[in-house]
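Open the model in your viewer and keep the selection tool ready. This tour goes from one selection to the next.

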Amino acid sequence: MQIINPATEEVIRTLHEDTPLTLQTKLDALKKAQPLWAGKSLAERILVIARFSDLLAEDMEELASVLTSEVGKPLQQSRNEINGARARIKWMLDHAEKYLSDEVMVDEPGLKEIIRYEPLGVVCNISAWNYPYLVGVNVFIPALLSGNAVMYKPSEYATLTGLQIEKLLKQAGVPEQVFQVAVGAKKTGAALLEMDFNGYFFTGSYQTGKYIYEKVAPKMVPCQLELGGKDPLYIAEDVADVAAAAIGTADGAFYNNGQSCCSVERIYVHEKNYEAYLSAFVDEVKSWKSGLPTTDGVYIGALTRKAQIAILENQIKDALNKGAKLLTGGKAPQGKGYYFEPTVLTEVTNDMLVMQEESFGPIIGIMKVKDDNEALKMMQDTDYGLTAAIYTADQSRAEKILAQLDAGSGYWNCCDRVSAALPWSGRKYSGIGATLSHQGLRAFTKPKGYHLRG
Ligand code: NAD
């Protein structure tokens, strides 16, 4: 398997893919080692993971440089991602004792009732490339903390990072056989679905997620899916500083080149603020520096996957054919690397691909609406349900609208944001189950009820 730098198109490494045979050997080792890991105290496992987090900080520059070389994101955004992953790990470490220890529910003479959170066993984590540290940490850290062994399949676009993670976990004290990396692409992922894991945790697209859900169903083991989104954002007429809102929400749409599951993907603006918002938004987008992700000050680096360019071009073509207007960007520049100009479309309608299908790139459609009702109707019009955002001076108005949206996260005066303290979950085509928060810590356990008389 060749690892290609998307910013230069150079082959940076060639790796051997796992075969069904090597995967089975790894699974056998995981199964053997898991009970020993689960037999350690939670306090011991917490210490090991804390050491892993320290190692991430110590090796930051090297790790960020490897990440940028394989996914094309600006170096500073790679550093931000590793720091973000450490913050999530800290929350998990601070709360693991509280949420993973036994809970005494009834304690009276002659009867004790206890919930004990037992590990699932050996879990399989098939992961994405856009934030390999963040989405990886959501799964393998609580899985390890709660006593599971983990088969981690990084995306084929973030394999070098996956191997770095394995090295550091082992250096931190995770036993050799308790965490294994499955190297490969679709074929490797598909082979893992044929094997005997005690739970599957997937981050990726709806199409793959649906396939995995169907394949895993007969196994009768937990299957969690963190999938894509078409996240809407509404700017109401009472926003006081429209320019600041435009700058903040442009970042929400274009950070990491728009390759975030919770990127703002559709914007609806009240007609009163429409012109001011558009003008500030486009000024902001035009001010960004694009280019080699290793160059200081670059905000728009390379896209990770070449194939995404054709998807973006098709969405733009479809929008223009249906009457949209291109305000800036619109094409891939000539030359080496998978670059795409940050693109803003207006005069869009909800029947355009750019307003319905996940773009996962530096492109946004902005639409004028006349009131909250129209905004709500437009925002509800999607198969996805990951996040939704409202900018308004009035909190109760925002909460009223957010309550009517079938999405896992609701934002008031913010967007494109994840908190370790809150459940990260999608609805409809955006997924099933939750990571992060106390729910995410317990997602890798099965509760056993103990009825103790005597
Ligand atoms: P993808 O579905 O193409 O691939 C994800 C993983 O699945 C990869 O490791 C891939 O090798 C593997 N895979 C592909 N086909 C498979 C098969 N048939 N069987 C088993 N495994 C298979 O997704 P991607 O391009 O890596 O990630 C982008 C998508 O992930 C976007 O839709 C994005 O929104 C979503 N995402 C969601 C979240 C979230 O938290 N909800 C976070 C990050 C990314």
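A polar contact here is a pair of N or O atoms within 3.5 Å; within protein, one must be able to donate a hydrogen and the other to accept it, and residues adjacent in sequence count only if both atoms are side-chain atoms. This is a predicted model: local features need pLDDT of at least 70, side-chain atom pairs count only at pLDDT 80 or more, and totals for chains, interfaces and linings use all residues. Residues are numbered from 1 along each chain as its sequence is written, and side-chain values use heavy atoms, with hydrogens and water left out.

Select arginine 305. An N or O atom of its side chain is 3.1 Å from an oxygen atom of the ligand. Next, pick glutamate 358. Its side chain has an N or O atom 2.6 Å from a ligand oxygen. Then go to glutamate 156, where a polar side-chain atom lies 2.6 Å from an oxygen atom of the ligand.

Now show the shell. The ligand is surrounded by 31 residues, each with a heavy atom within 4 Å of it. Among the closest are Ser205, Thr208 and Leu227.

Colour by secondary structure (DSSP runs, numbered from the N terminus: helices, H or I, of at least four residues; strands, E, of at least two). Helix H7 (186–193), strand S8 (199–203) and helix H8 (206–216) each supply at least two shell residues. H7 gives the largest share, four residues.

Finally, colour by domain, with bounds from an automatic or database domain assignment. Where does the ligand lie? Domain 1 (2–227 + 430–453) and domain 2 (231–419) both give residues to the shell, so the ligand lies between them.
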